[in-house]
Amino acid sequence: MQTLGRLFWLCITIILIVFAILFATSNETATTVHLWPFEKGLTAPLWLSLITAFVVGGLIGALFVWGQ
């Protein structure tokens, strides 16, 4: 049963990696992100901005779960 669970998570991981690669290669539009207390903005590709937001959100969520 443990092998089946690992195979399941491996399939999910591969699907998510393929989705992230397809997303990154199809969204090259430059976007400017302005953070509230700062005057200047950061210009980056759309895929970098969104993937960074997902990673930061995942890390914050992991910290909350770890804190429990």
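Author: Helices (H or I, at least four residues) and strands (E, at least two) are DSSP runs, numbered from the N terminus. This is a predicted model, in which local features need pLDDT of at least 70, side-chain atom pairs count only at pLDDT 80 or more, and totals for chains, interfaces and linings use all residues. Residues are numbered from 1 along each chain as its sequence is written, and side-chain values use heavy atoms, with hydrogens and water left out.

Reader: What makes up the chain, and in which order do the elements run?

Author: The chain has two helices and two strands. Read from the N terminus, their order is α-β-β-α.

Reader: Why is the chain called more spread out than a compact globule?

Author: The radius of gyration is taken over C-alpha atoms, and the globule rule is 2.2 Å times the number of residues to the power 0.38. For 68 residues the rule gives 11 Å, whereas the chain has 17 Å, well over that value, so the chain is more spread out than a compact globule. The C-alpha trace spans about 55 × 35 × 5 Å along its principal axes.

Reader: Why is Thr52 called partly exposed?

Author: Buried means under 20% relative accessible area, exposed over 50%, and partly exposed in between (1.4 Å probe, protein chains only). Thr52 has 40%, so Thr52 is partly exposed. Thr52 is found in helix α2 (residues 46-67).

Reader: What makes Phe38 exposed?

Author: The relative accessible area of Phe38 is 54%, which is over the 50% cut-off, so Phe38 counts as exposed. Phe38 is found in the loop between β1 (30-34) and β2 (41-45).

Reader: How much of the chain counts as buried?

Author: Of its 68 residues, 4% count as buried.
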